[in-house]
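Visitor: Could you walk me through this model, telling me what stands behind each label?
Guide: Gladly; here it is.

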Amino acid sequence: MRRAAEALEATLDDEDEINEAREEILKSLDLDDADDPVGALYEAIAASDAIVRATDGSPFTTLFNRFSIDNNPMLRNAAA
């Protein structure tokens, strides 16, 4: 997840616009800037026993599954 986050950040076209949007969201929701957002996301999801189901009732696989940025050409190239 950390590699993917870094690679996705590297692909941003307008970083200023993204940062402004982040600031606005944090302000609107009265949230503090997270020291480790990737770690916080992982902890929240790993600790959850929630099951997300598709419209047919079958459960989705975990968010973490076996995906790697190496499976995605755009992210693989951005991380290089």
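Visitor: Where is R22 found, and how do you know that there is a helix there?
Guide: R22 is found in helix α2. Helices here are DSSP runs of H or I with at least four residues, strands are runs of E with at least two, and both are numbered from the N terminus. Please keep in mind that this is a predicted model, where local features need pLDDT of at least 70, side-chain atom pairs count only at pLDDT 80 or more, and totals for chains, interfaces and linings use all residues. Residues are numbered from 1 along each chain as its sequence is written, and side-chain values use heavy atoms, with hydrogens and water left out.

Visitor: Why is R22 called partly exposed?
Guide: Its relative accessibility is 36%.

Visitor: What makes the pair of R22 and E9 a salt bridge?
Guide: The closest N and O atoms of R22 and E9 are 2.2 Å apart. A salt bridge asks for a side-chain nitrogen of Lys or Arg within 4 Å of a carboxyl oxygen of Asp or Glu, so this pair qualifies. The two residues link distant parts of the chain, R22 in helix α2 and E9 in helix α1, 13 residues apart. E9 counts as partly exposed, at 36% relative accessibility.

Visitor: How many salt bridges does that rule give?
Guide: Three. Another one joins R2 and D36, with 2.8 Å between the closest N and O atoms. R2 lies in helix α1 (residues 2-10) and D36 in the loop between α2 (15-28) and α3 (37-46), so this bridge ties together parts that are 34 residues apart in sequence. R2 has a relative accessible area of 45% and D36 has 33%, so the label is partly exposed for R2 and for D36.

Visitor: What does the salt bridge of R3 and D70 tie together?
Guide: Their side chains meet at 3.0 Å, N to O. R3 sits in helix α1 and D70 in the loop between α3 and α4 (73-79), so the bridge connects parts that are 67 residues apart in sequence. R3 is partly exposed at 44% relative accessibility, and D70 is partly exposed at 39%.

Visitor: What makes M1, L41 and Y42 a nonpolar patch?
Guide: Patches take residues with over 30% relative accessible area and no salt bridge; like charges are joined within 9 Å, and nonpolar side chains (Val, Leu, Ile, Met, Phe, Trp, Tyr) within 5 Å. L41, in helix α3, has 39% relative accessibility, so L41 passes the 30% cut-off. Together, M1, L41 and Y42 have about 280 Å² of accessible area on the surface, by the Shrake-Rupley method with a 1.4 Å probe, where for residues only the protein chains shown count as cover.

Visitor: How many helices and strands are in the protein chain?
Guide: There are four helices and zero strands, in the pattern α-α-α-α along the sequence.

Visitor: How does the radius of gyration of the protein chain stand against that of a compact globule?
Guide: The protein chain has 16 Å, whereas a compact globule of 80 residues would have a value near 12 Å. The radius is taken over C-alpha atoms, and the globule rule is 2.2 Å times the number of residues to the power 0.38. Buried residues make up 8% of the 80 residues.

How values were computed: Buried means under 20% relative accessible area, exposed over 50%, partly exposed in between (1.4 Å probe, protein chains only).
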